[in-house]
Amino acid sequence: MTERYVLALDQGTTSTRCILFDRRATVVAVVRGEHPQSYPRPGWVEHDAARIWRDVQKLIRRALRDARIEARQVAAIGIANQRETVVLWDRATGVPVAPAIVWQDTRTDHLVAGLDAGLITERTGLPPATYFSATKVQWLLANVDGLLERAARGEVLFGTMDTWLIWNLTGGAHLTDVTNASRTMLMDLRTLDWDQELLDLFGIPRAMLPAIRSSSEVYGTADAVLPGVPIAAAVGDQQAALFGQTCFAPGEAKCTYGTGGFLLMNTGTTPVRSRHGLITTVGYRIGDEKPVYALEGSIATAGSLVQWFRDGLGLISTASEIETLAGGVTDNGGCYIVPAFSGLFAPHWHSEARGVIVGLTSYITKGHLARAVLEATGWQTRDVVDAMNADAGLALTTLNVDGGMTADNLLMQIVADVLGVPVARPMVAETVSLGAAYAAGLAVGYWSDLRDLRGNRHRAGRWTPARDPVQVAREYENWQRAVQSAVFFTLRDDPPPTK
C-alpha cells in the first residue's frame, strides 16, 4: 500500500511554510519561502496577496519533490493562516483590488476611536482595535473608488488569508472557518454567524462575505497544484497551534512565539468573558460538534522585534545571532525596550502607543540591547499570563511553547524566569502547521480521534526558573514603568514618510 501524508500550508506574516506529515506526526518534508512586507506610511503594513498565492503554488511543488511523492499520496490539505489580515478581490478575475492590509496595520485607529466597545465586545468577545479585520474592510471600501458599490453587488469579495487560499486552490469556493471569522469583529460568538447590526455599523455588505464553516471538514477539492486532493481544514494560526499542542481540555494553554506572541487557553464549550484585557475567541470546531472556546492574549511584536534588530538597526546579520550576543552579558544594564510598533495589544490595548527604549546610558552596549530585545518578549508574556490567571481563576503551572523563536534557548530560559513556572517545548516546534494537519487529517479519517493525536505528543525541551524571584519582581516593576512611557509617548501627528 502506498504511504499517504497530510499537507499543511502555514501562511504566516513574513513567510509561508509547506510541511508534509505522516501518521506519527513526523515531518517528512518542509519548505519555506519569505514574502516581503510593505510599509508605505508610518503605521501601514501591507502584503501582495497575489504574490503569496504564487509562492504557495511553488512551495507545494517543492515539498512534493523533496519528499519524492506524487499528488495522489496527499490525503488532505490543511490551512493555517495569519489572522485578521484583509484581502479584497474581484470575483470575476480573482485579482486583488488593493494590497492586503496586515493585522499589524494601524491606519484605522481613527475609526476605532468612536466605536461602541460594549456592543462589539458583547457580540464578538473582542475589544475594538485596529488589530481586527472590520475597520480594515471599512477603510478599503471608503478609500478605493467605486469599491463599496461593487461589493454591494457581490462583485468584490472579502476574505482573510484562509479564504483567499481556499478560493484559489478550489477555483472559487468562498468560505472561512469559525476561528478566522471570530477575529473579524463581525461574527456573533453565540450564533457563529455574521452579525447584521455590526455589518451595518461598519458599512460592510453581506454579499462580499464568505460562508462560515467548521475548522475541520471537507470544503472541496483542489483543482490547482494538487488536483482532486480534499481541502479539509482552515484554522487561524494561533488556534492551530492550540490544536497542534493537543490542548483539548479546559485549562490547557500554549504560547506561540513567531512574528508576534500568542497565548491561548482552552476554556471548553462555553465562552469565558475576560475582565482583564484578554480576547474571547473560538478555539476550534470539529465538524458538527460544539465549538471549543479560548481566552487569548496577543502580543503584537515578538520575533518581528528581532527582525527589526537585524534589518532595521543592522546589529546582527542573522536572527540566530541574537542569542549569542545577548548571552555575552549577564543582564540588560537597566535598559528596557517596549516594542509598541503597532500599539500595545493584550492586556493593555493602546493602539495609539509607540515603541520606546528606556534606561539608556553610555554603559549600554549592543549586547545589552540584544538582551532587552529578548526580555521584551518575556515581560510581554508575563503581562498576558497574569491577566489570564486572573480571568481563569487559577495559576498557570506550565507554559507549553512553540514557534520559531523557541529555538532560542536563552529566550526560553528568560520566559521561565520571568513567569516563575516551567516552560515546555514539544518535539515538533512548528505546531501551527501540525494543528492544521491534525484538523485536516481528522476530517478525512487519516487520524481517528483526539486520543490518536495525543499519542503523537513528545516533549523535546524543558526550562525551569533559575533567577531570584525578588530580583525578577523588581525588574518587572521597571518593565511596567517602561510600558507607561510607551503609552504616554504618542505621536499626535505621524511624520510624513521618508524616502
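Guide: Let's begin with the second largest cavity, where helix 12 and helix 13 (409-419) each supply at least two lining residues. Helices (H or I, at least four residues) and strands (E, at least two) are DSSP runs, numbered from the N terminus. This is a predicted model, where local features need pLDDT of at least 70, side-chain atom pairs count only at pLDDT 80 or more, and totals for chains, interfaces and linings use all residues. Residues are numbered from 1 along each chain as its sequence is written, and side-chain values use heavy atoms, with hydrogens and water left out.

Visitor: What counts as a cavity, then?

Guide: Rolling a probe the size of a water molecule over the atoms shows where empty space is left. On a 1 Å grid over the protein atoms alone, a cavity is a set of points where a 1.4 Å probe fits but cannot get out, and lining residues have an atom within 4 Å of a point. Points are joined across faces, edges and corners, and the volume is the space filled by probe spheres set on them. Here, that gives 2 cavities of 30 Å³ or more.

Visitor: Which residues line the second largest cavity?

Guide: Its lining is Arg371, Glu375, Trp379, Ile414, Asp417, Val418, Arg467 and Glu475, around a volume of about 40 Å³. By class, that lining has 3 nonpolar, no polar and 5 charged residues. Ala, Val, Leu, Ile, Met, Phe, Trp, Tyr, Cys and Pro count as nonpolar, Asp, Glu, Lys and Arg as charged, and the others, Gly among them, as polar.

Visitor: And what lines the largest cavity?

Guide: It has 15 lining residues, with Ile299, Leu344, Phe345, Ala346 and Gln380 nearest its centre. Helix 12 (366-392) and helix 16 (469-488) are the elements giving two or more residues to that lining. The space is about 100 Å³, and the lining has 10 nonpolar, 4 polar and 1 charged residues.

Visitor: Which strands pair with strand 15?

Guide: Two strands pair if DSSP finds at least two bridges between them. Strand 15 runs antiparallel to strand 16 (residues 261-268), with 5 bridges, and a hairpin links the two through 3 residues. Strand 15 also runs parallel to strand 21 (residues 399-402), with 3 bridges; there, Thr256 stands opposite Asp402.

Conventions. On a 1 Å grid over the protein atoms alone, a cavity is a set of points where a 1.4 Å probe fits but cannot get out, and a pocket is an open set with protein on both sides within 12 Å along at least five of seven lines; lining residues have an atom within 4 Å of a point.
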